[in-house]
Amino acid sequence: TATTSVTTAATNYTRPLTELIPYIPQSHIDNFMVYFNKLDRKNRGYVSGNAIGRFFRKSGLNESILAQVWDLSDVDNDGKLSSEEFCIA
């Protein structure tokens, strides 16, 4: 499970990524995972930025919006998306 550091005025702590994202209905997660698994053909647990870029461009959103989606979803800034990060996107 992906984690991220969260800093507040009072504390610095690490929490599971799933606790930091807004509620996503399980039916949506199931649907997102179908797409994620198709993109993660080698079952590595992540999808590269290039593959995600090709996939997201099919949405018809402009590049600046897609860049914002990427910045918000690639929580650990590793240039690839885990299944949890993909669900955020």
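Trainee: What percentage of the residues in the protein are buried?
Mentor: This is a predicted model, so keep that in mind. In it, 24% of the protein's 89 residues are buried.
Trainee: And how much accessible surface does the protein have?
Mentor: About 6,100 Å², and carbon and sulfur atoms account for 51% of that.
Trainee: Okay, switching topic. How many helices and strands are there?
Mentor: The protein has five helices and four strands.
Trainee: In what order do the elements run?
Mentor: Starting at the N terminus, the order is β-β-α-α-β-α-α-β-α.
Trainee: What about contacts between residues at least 24 apart? What share are they?
Mentor: If you take the contacts between residues at least 6 apart in sequence, 43% of them join residues at least 24 apart.
Trainee: Now the backbone. What is the phi of Asn43?
Mentor: Its phi is positive, about 55 degrees, although Asn43 is not a glycine.
Trainee: Where does Asn43 lie?
Mentor: You'll find Asn43 in the loop that links α2 (26–39) and β3 (46–48).
Trainee: Is Asn43 buried or exposed?
Mentor: Asn43 counts as exposed because its relative accessible area is 64%, and the cut-off for exposed is over 50%.
Trainee: Got it. What about the phi of Asn77?
Mentor: Asn77 is a residue other than glycine with a positive phi, near 55 degrees. Asn77 sits in the loop between α4 (63–73) and β4 (80–82).
Trainee: And is Asn77 buried or exposed?
Mentor: Asn77 is exposed, with a relative accessible area of 64%.

Note on methods: Residues are numbered from 1 along each chain as its sequence is written. This is a predicted model: local features need pLDDT of at least 70, side-chain atom pairs count only at pLDDT 80 or more; totals for chains, interfaces and linings use all residues. Side-chain values use heavy atoms; hydrogens and water are left out. Helices (H or I, at least four residues) and strands (E, at least two) are DSSP runs, numbered from the N terminus. Buried means under 20% relative accessible area, exposed over 50%, partly exposed in between (1.4 Å probe, protein chains only). Contact means heavy atoms within 4.5 Å. Accessible areas come from the Shrake-Rupley method with a 1.4 Å probe; for residues, only the protein chains shown count as cover.
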